[in-house]
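Me: I would like to go through a model by question and answer, starting with how its strands pair. Please keep each answer to the point.

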Amino acid sequence: MREVKLLHLYSQTLDLYGDYSNLTAIRRRVEEMGYPCRVAYAELGDPIQPEGYDFIYMGHGKARNLAAVAEHFCSYGQALLDAVERGQLFLVTGNARLLWGKSFETYDGGQQKGIGLFDTTAVETNAVFVSDVVAHPAFDESLTSYGFVNRTSHIVGENPCPLFRVVKGCGDGTEASGAEGNLYHNLFATWQMGPLLARNPAILKELLHRMLGEDYRDFDTSLEEKALALTLKEFDL
């Protein structure tokens, strides 16, 4: 029986609002399907070796923490870019997205390079911006998802591969733009933080389908779907 291997990047530094639960949701469902699942961790100062993992996750952190990991992350930029191009599965949430662009402004007004997968920059406002986000995911626009954004920066630049088409709430910037996140090969990236996969069972299933292929086994998400429907009802959807 295959062992599923998961990698959590910067679990001690980039984790707010229960972001770790996205990895928990993946692991729980993999084990329910009957597969052994192992989670490895790469913290600040550890080598990042993407090859060999079925799923790689990195989450949201304070602006100061993001700046602290940036140089270390970028030192493995080519290995990460190569992993994305060969179709390795990633989920990136919150401000960890900024590490995948060309550069971003840090909390103290400096400039920090990213690894340049996307032709974008980011502006730090040092002011908290909060928004609910109701959207249709690009992999199936018949679905409706819910997420929550709490950030101090926004992305500047064209987004040719959005993960979501926004119905209500913010996009990549400070205003409703119609586009949020990135879906490039098997890299899923979104500003939406916290337990995204617990809130949105269809997104969880999409990731697991891509991860396991023919080994995927369907599972009951009726309770999660009911919870999502109740949430969306608050937005008259």
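Reply: Two strands count as paired if DSSP finds at least two bridges between them. The model discussed here is predicted.

Me: How many bridges join strand β7 (residues 121-137) and strand β9 (residues 164-168)?
Reply: Pairing needs at least two bridges. β7 and β9 pass that test and run in the antiparallel sense. Within this pairing, proline 137 stands opposite phenylalanine 164 in β9. The number of bridges between β7 and β9 is four.

Me: Which residue of β10 stands opposite phenylalanine 164?
Reply: β9 is also joined to strand β10 (residues 179-180), by two antiparallel bridges. The residue of β10 that stands opposite phenylalanine 164 is glutamate 180.

Me: Which strands are at the edges of the six-strand open sheet?
Reply: The sheet has the order β2-β1-β3-β4-β12-β11, with mixed pairing. Its twist averages 15° from one strand to the next. An edge strand pairs on one side only, and the two that do so are β2 (37-42) and β11 (182-184).

Me: At about what angle to β4 does α3 run?
Reply: α3 lies across β4 (90-93), β11 and β12. Relative to β4, α3 runs at about 120°.

Me: How far apart are the end C-alpha atoms of helix α2 (residues 63-74), and what span should its twelve residues have?
Reply: The expected span is 1.5 Å times one less than the number of residues. For the twelve residues of α2 this gives 16 Å, which agrees with the distance between the end C-alpha atoms, 16 Å.

Me: Which residues of α2 are buried, and what covers them?
Reply: The cover includes β1 (4-9), β3 (55-58), α3 (77-85), β5 (103-105) and β6 (111-113). The buried residues of α2 are Leu66, Ala67, Val69, Ala70, His72 and Phe73.

Me: Is serine 145 buried or exposed?
Reply: Serine 145 is found in strand β8 (residues 145-156). Leaving aside neighbours within four places in sequence, its contacts include Val133, Pro137, Phe164, Ile203 and Leu232. Buried means under 20% relative accessible area. Serine 145 has a relative accessible area of 2%, so it is buried.

Me: How many disulfides are there?
Reply: A disulfide needs two cysteine sulfur atoms within 2.5 Å. For cysteine 74 the nearest cysteine sulfur, that of cysteine 161, is 18 Å away. The sulfur of cysteine 161 is 17 Å from the closest cysteine sulfur, in cysteine 170, which is too far for a bond. The count of disulfides is zero.

Me: What is the relative accessibility of cysteine 161, and is this cysteine buried or exposed?
Reply: The limit for buried is under 20%. Cysteine 74 has a relative accessible area of 23% and is therefore partly exposed. Cysteine 161 counts as buried, with a relative accessibility of 14%.

Notes. Residues numbered from 1 in each chain as written. Predicted model: local features only at pLDDT ≥ 70, side-chain atom pairs only at ≥ 80, totals over all residues. Heavy atoms only, no water. Buried < 20%, exposed > 50% of the residue type's maximum accessible area, 1.4 Å probe, protein only. Contact = heavy atoms within 4.5 Å. Axes fitted to C-alpha atoms, helices over the stretch in contact; angles between N-to-C directions.
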